[in-house]
Amino acid sequence: DLLKRADIALYRVKEDGRDGIAFFEQAMQVAASERLAIESELRKAFSDNQLRLHYQPQVVYGSQKILGAEALLRWQHPERGLIGPSAFIDVLEQSSLIFDAGRWILARACECIAGLLTDQLVNPDTFCLSVNISPRQFRHPNFVGDVLGAIRQHAIPTRCLSLEITEGIVIENINDTIDKMNELRQHGVHFSIDDFGTGYSSLSYLKQLPVDLLKIDQSFVRDCTGNANDAEIIRAIIAIASSLHMDLIAEGVETRDQLNFLHAQGCDQFQGYLFSPPVDEHRFRELLASGGFAQQH
Ligand code: C2E
Ligand code: MG
Ligand code: MG
């Protein structure tokens, strides 16, 4: 028991960024057993095919056409229904399951793109599906091979796949990040920085990376029409994207006021409940077939 508890405290130190001290507390034990329970349920969910990808449309201002989508992980639980990633993504990321799940997510996304192209629901020259990449998945020595393998397996144009990484991934190991991104970029894979503005990325790093798109985090979008600081941060992010020649998309857009504010500042691409929540593939196909959101907005 003593060793077990020491191990739990050690885990907390690692979680807090290593190089520290933690004393065992009972609450840590509860958290640790919860994590273990979710992890073993997740393993079963994975082998029983309970994981799903949902798709949230990304829309261009003016025409309101769907120019792409973000693939978002869901867990179709037999008793609890559809569960969002915030309830399990940390556990997934901390267990070795993230590698198999990450490969599955990439394969599923490429399969979806291939189907949309076959059925001519999207244009291969403009459509792009973005997939969230977790830090450990990115650090895996065979990450580049996994991505290219999924693309080849489903014979899709490389430019139709975009990988969303966070500022955390970039600064964790800059040399590895640059090498992997450049290799994938040479094959035509696109990159975006997710939740931009919430991390600690250095602009000089950003300049060295083959990043195509910055995603303005929803925490700034939420109050952009009422909070002068958030409005200023958005203006600054838009200026950075423009001087580094990167595209921009705002996420978490829920109201017309937010849309109009962002557009007035120079942002033309949007993702959020104002247009559509993440939907299953069937519904996403219906949205594509109907030609976007022009009628509603
Ligand atoms: P994210 O990549 O920043 O995804 C955006 C989140 O905002 C999604 O939450 C989406 O459903 C939500 N959202 C979209 N529009 C709106 C809006 O108008 N208002 C509000 N309030 N929220 C909106 P979700 O699906 O729960 O995903 C949460 C996070 O989990 C993602 O944040 C991403 O970091 C992670 N995640 C999701 N799918 C995957 C995956 O396949 N792999 C990995 N590694 N992480 C994933
Ligand atoms: Mg994302
Ligand atoms: Mg985000």
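Six aromatic pairs are present in the structure, a pair being two rings of Phe, Tyr or Trp (six-membered ring) whose centres lie within 6.5 Å, with planes under 30 degrees apart counted as stacked, over 60 as edge-to-face and the rest as tilted. One of these joins Phe127 and Phe284 in a tilted arrangement, with 6.5 Å centre to centre and 40 degrees between the planes. Phe127 belongs to the loop between α4 (97-118) and β4 (128-132) and Phe284 to helix α13 (residues 281-289), so the contact ties together parts that are 157 residues apart in sequence. Helices (H or I, at least four residues) and strands (E, at least two) are DSSP runs numbered from the N terminus. Both Phe127 and Phe284 are buried; buried denotes under 20% relative accessible area, exposed over 50%, and partly exposed the range in between (1.4 Å probe, protein chains only). Ring pairs also link Tyr55 with Phe127 and Phe284 in a cluster.

The model is predicted, so that local features need pLDDT of at least 70 and side-chain atom pairs count only at pLDDT 80 or more, whereas totals for chains, interfaces and linings use all residues. Residues are numbered from 1 along each chain as its sequence is written, chains are lettered from A and ligands numbered from 1 in the order in which they are written, and side-chain values use heavy atoms, with hydrogens and water left out.

Two charged side chains are placed over rings, the criterion being NZ of Lys or CZ of Arg within 6 Å of the ring centre and within 35 degrees of the ring normal. Arg80 lies over the face of Trp75 at 5.9 Å from the ring centre, and Lys180 over that of Phe138 at 5.6 Å.

The magnesium ion (ligand 3) is coordinated by OD atoms of Asp194 and Asp195 and by two OE entries of Glu251, at 2.0 to 2.8 Å. Donors are N, O and S atoms within 2.8 Å of the metal (3.2 Å for Na, K and Ca); water is not among the atoms, so sites may look incomplete. Along the chain, the donors of this ion follow the spacing D-D-x55-E. Asp194 also coordinates the magnesium ion (ligand 2), which is 4.0 Å from the magnesium ion (ligand 3). Asp195 is in strand β6 (residues 190-196) and Glu251 in strand β8 (residues 247-251), so parts 56 residues apart in sequence are tied together. Asp195 is partly exposed at 26% relative accessible area, while Glu251 is buried at 6%.

Ligand 1 is surrounded by 22 residues, the closest being Arg74, Asp194, Gln218, Glu254 and Tyr273; a residue is counted if one of its heavy atoms lies within 4 Å. Polar contacts (N or O pairs within 3.5 Å; within protein, one atom must be able to donate a hydrogen and the other to accept it, and residues adjacent in sequence count only if both atoms are side-chain atoms) to oxygen atoms of ligand 1 include those from the side chains of Asn132 at 2.9 Å, Asp194 at 2.8 Å and Gln218 at 2.7 Å. Of the 800 Å² of accessible area that ligand 1 has on its own, the protein covers 81% (Shrake-Rupley method, 1.4 Å probe; for residues, only the protein chains shown count as cover). Strands β2 (66-77) and β6 are the elements that give two or more residues to this shell, and β2 gives the most, with four.
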